[in-house]
Amino acid sequence: MPILTIRNLPDEVHRALHMRASLRGRSIESEVRTILKETVLPESRATLGTLLTAIGRDAKLTEEEFSEFVQRDTSSARPVDLE
């Protein structure tokens, strides 16, 4: 497993981490692992489709405009000419 070293951590951040870890009954190291995991790998990550749907709703697209996005181009891709 990789090892991570954090240099020049401000004293106030270290104190806050210590306090947060103590309140949760964890070591500082365990608390930092938890914070990093929850930050980098959130359980409810939004997918691209979900984000695009939200943008469409915010844009107040009509059904006709929205249907343009639903249609897919099913034609075969043309080969690339590298010459």
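Predicted model: local features only at pLDDT ≥ 70, side-chain atom pairs only at ≥ 80, totals over all residues.
Local features need pLDDT of at least 70 and side-chain atom pairs count only at pLDDT 80 or more, whereas totals for chains, interfaces and linings use all residues. Residues are numbered from 1 along each chain as its sequence is written, and side-chain values use heavy atoms, with hydrogens and water left out.

**Helix H2**

- Helix H2 covers residues 28-40; helices are DSSP runs of H or I with at least four residues, numbered from the N terminus.
- The 13 residues of H2 should span 18 Å at 1.5 Å a residue, and the end C-alpha atoms are 18 Å apart, which agrees. The expected span is 1.5 Å times one less than the number of residues.
- Ser30, Glu31 and Thr34 are the buried residues of H2; buried denotes under 20% relative accessible area, exposed over 50%, and partly exposed the range in between, with a 1.4 Å probe and protein chains only.
- Seen down the axis of H2, the buried residues fall within an arc of 100°, so they line one face of the helix. The arc is taken over the directions from the helix axis to the C-beta atoms.
- Glu29, Thr39 and Val40 are exposed on the other side of H2.
- The buried residues of H2 pack against helix H1, residues 11-23.
- Glu31, within H2, counts as buried because its relative accessibility is 0%.
- Leaving aside residues up to four places away in sequence, Glu31 touches Arg20, Ala21, Arg24 and Arg26; a contact requires heavy atoms within 4.5 Å.

- Leu17 is found in H1 and is buried, with a relative accessible area of 15%.
- Beyond residues up to four places away in sequence, Leu17 touches Leu9, Ile28, Val32 and Ile35.
- The C-alpha atoms of Leu17 and Arg57 are separated by 40 Å, and the two residues are 40 residues apart along the chain.
- Asn8 belongs to the segment before H1. Its phi is near 60°, a positive value in a residue other than glycine, and Asn8 is exposed, with a relative accessible area of 76%.
- Gly25 follows H1 and has a positive phi, near 70°.

**Helix H3**

- Gly56 lies in helix H3, residues 48-58, and counts as buried at 14% relative accessibility.
- Gly56 and Phe66, ten residues apart in sequence, are 7.6 Å apart from C-alpha to C-alpha.

**Largest pocket**

- The largest pocket has a volume of about 480 Å³. On a 1 Å grid over the protein atoms alone, a pocket is an open set of points where a 1.4 Å probe fits, with protein on both sides within 12 Å along at least five of seven lines; lining residues have an atom within 4 Å of a point.
- Of the 13 lining residues, Leu4, Glu29, Val32, Arg33 and Leu36 are the closest to the centre of the largest pocket.
- H1 and H2 each supply at least two residues of this lining, and the largest share, five residues, comes from H2.
- The lining comprises ten nonpolar, one polar and two charged residues; Ala, Val, Leu, Ile, Met, Phe, Trp, Tyr, Cys and Pro count as nonpolar, Asp, Glu, Lys and Arg as charged, and the others, Gly among them, as polar.

How values were computed
Points joined across faces, edges and corners; volume = space filled by probe spheres on them.
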